[in-house]
Amino acid sequence: MASLDPQLRTLLASLRRRVRQYILADSLMAMVAVVLAAFWIGLAIDFLPVRMGGTEMPRSARVALLMVVLGMLLVVALRLLLGRLRKPLPDDSLALLVERHHPALDGRLVTAVQLSRPDRSGDACAPALLRRVHAEAASAVGEVDWRRIFRWRPLARKTGLVIPMLLALVALAVISPGAAARATGRLLLLTDSPWPRKAELVMVGIELPTISADEGDETPPRLIEFVERRLRLPRGSSGALRIAARSDGRIVPDLCTVYYTGDDGTRGQANMRRVGRVTDGLQSFVLDGPPLTGLSESLTISVRGLDARLDSYRIEAVEPPAITQLTIATVDPPYLHDTDSVPPQRVIEYQSGLRVREGSQVLLTGRSSRPLSDVDLRVTRGGNVEPVKATISEDGSEFFLTLNGLREGATIVAVPRDRSGISAQLPYRYYLGVVVDERPEIEMRLRGIGSAVTAAARIPVEGRVSDDYGIDRAGIDVAVALPAATTDATLEESPAIDAVKSTTRAEIDADREGRFELAIDLRELAASQAFAVPQPGGAVNLIGEVSDRYDLDGRHESRSE
């Protein structure tokens, strides 16, 4: 079998090389088109919303876009490039391709190639005829036009798509290299730096009124700042959102708008008002109305001013700490119990109208719904406001306050604050009344006799003593008033008797109901030599005295008529 003519072998090898070059160029153009199209589409999605007051693509969206582009490049590389390059290009197929676009060859090239295959056998042909076919095919090699063999339209379409996008990219890099670098960095996930804007907004935070136990306290509101775009506010609070717009080299917006979405599905917007003038290069804006007034649900807010935007700030509404229970433990003062005994203690849950005994030691135990860090406490007694310090339990679930010697009604105002700094939005008020210890009372009267007696009379007396907590001592003072004409003579006869001090005391022994009876024998008293003998025209005064054990500011004593 004759070998293939060298000219024909060169033709087929050149065609094989050109086919592979065409495949490579077509695949590379497709890949470049995918990359450039993805760049411009990504740039439009990322940048154009910024020009319209929106925000850039989030990182997750850019990651998705990059994954799509890489997937498309992988498909192009596998199917258009590697898939076609791995396909065999036999000589007879290449010869058929040439003859399809050059009819003048009239099958000579295919015949020469097929009859010259070394693995071909069983053909009956004259060698002279084969040589003639080779010669005629070789003579026509110079007439082969490569441009007629390949389809240039697909490659031209890809080139027509790539060239404008490539020129636009070059122009962007020349005119604004910073924008080109930022776009490339953002789309390749090399940076998350936002696009520069005409306006620039700065999130300041939310001002929350300070809830104090002292009504006269004018503590300024405290500023709560966002941490990683999140903050927590007590449910029911009314805060004021504050932002600032930079004026140095920026345009200050005339209006800033807050867009909010509640967890309950509520959506809305509210305009912020401009506050004051530009100070230190910043213009302040504030929102002190809905949805932050009486906050009930968690919110996600965004603020827009011109082309600047503060996006996806989260406000979480949490339950503030609450005093769920207040227990009052009282210890009676010493005057209400024996000094040798253990003072009684009473424990009761607080209720409206609760009163304690005067002088009692009071221990208040409050239980909170959340672990506490502090409790702002004020106690008002007698018109005076006293700041007091509570003791917090180790786990923060309870606080303790001791009031020693409570003498008058007290108003306790408490504002609990949990460990995250959130306080109750309304003070808790408790009033403790005091049962004031009353003075004891004594009533007595003569029994069975009139008001005129002799010097040797026996005077029967009966009566009743009473006190709210019990009598300590009770008695009757007996005093003699001598007539004016006999006073001096009596004193000379009995020097031991002093008319001024001529008194004695009869102790009262009352029963459980406070009733008593006793008889005062004037003759026995006169026999004691320390008591003046009543004289005609004189008088005997009987005065009852009673006292209890009250000792907070002196003693409680009462005298009868």
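**Salt bridges and the strands around them**

Guide: Glutamate 319 has a relative accessible area of 47% and is partly exposed (buried is under 20%, exposed is over 50%, and partly exposed lies in between, with a 1.4 Å probe and protein chains only). The model is a predicted one, in which local features need pLDDT of at least 70 and side-chain atom pairs count only at pLDDT 80 or more, while totals for chains, interfaces and linings use all residues. Residues are numbered from 1 along each chain as its sequence is written, and side-chain values use heavy atoms, with hydrogens and water left out.

The side chain of glutamate 319 meets that of arginine 235 in a salt bridge, at 2.9 Å from N to O (a side-chain nitrogen of Lys or Arg within 4 Å of a carboxyl oxygen of Asp or Glu). Glutamate 319 sits in the loop between β9 and β10 (323-331), and arginine 235 in the loop between β3 and β4, so the bridge ties together parts that are 84 residues apart in sequence. Strands here are DSSP runs of E with at least two residues, helices are runs of H or I with at least four, and both are numbered from the N terminus. Arginine 235 is partly exposed as well, at 28% relative accessibility.

A second bridge joins aspartate 332 and arginine 346, at 2.6 Å from N to O. It links distant parts of the chain, 14 residues apart: aspartate 332 is in the loop between β10 and β11 (345-349), and arginine 346 is in strand β11. Aspartate 332 is buried at 4% relative accessible area, whereas arginine 346 is partly exposed at 35%.

Further along, glutamate 398 pairs with arginine 367, their closest N and O atoms being 2.6 Å apart. Because glutamate 398 belongs to strand β17 (residues 398-406) and arginine 367 to strand β13 (residues 360-368), this pair ties together parts 31 residues apart in sequence. Glutamate 398 counts as buried at 19% relative accessibility; arginine 367, at 35%, is partly exposed. Salt bridges in this model come to 27 by the rule given, and Arg59, Arg62 and Asp192 are linked in a network of them.

Leaving out neighbours within four places in sequence, isoleucine 243 is in contact (heavy atoms within 4.5 Å) with residues including Leu201, Met272, Phe285, Val303 and Leu310.

Beyond four places in sequence, threonine 300 touches Tyr259, Tyr260, Thr261, Ser312, Tyr313 and Arg314.
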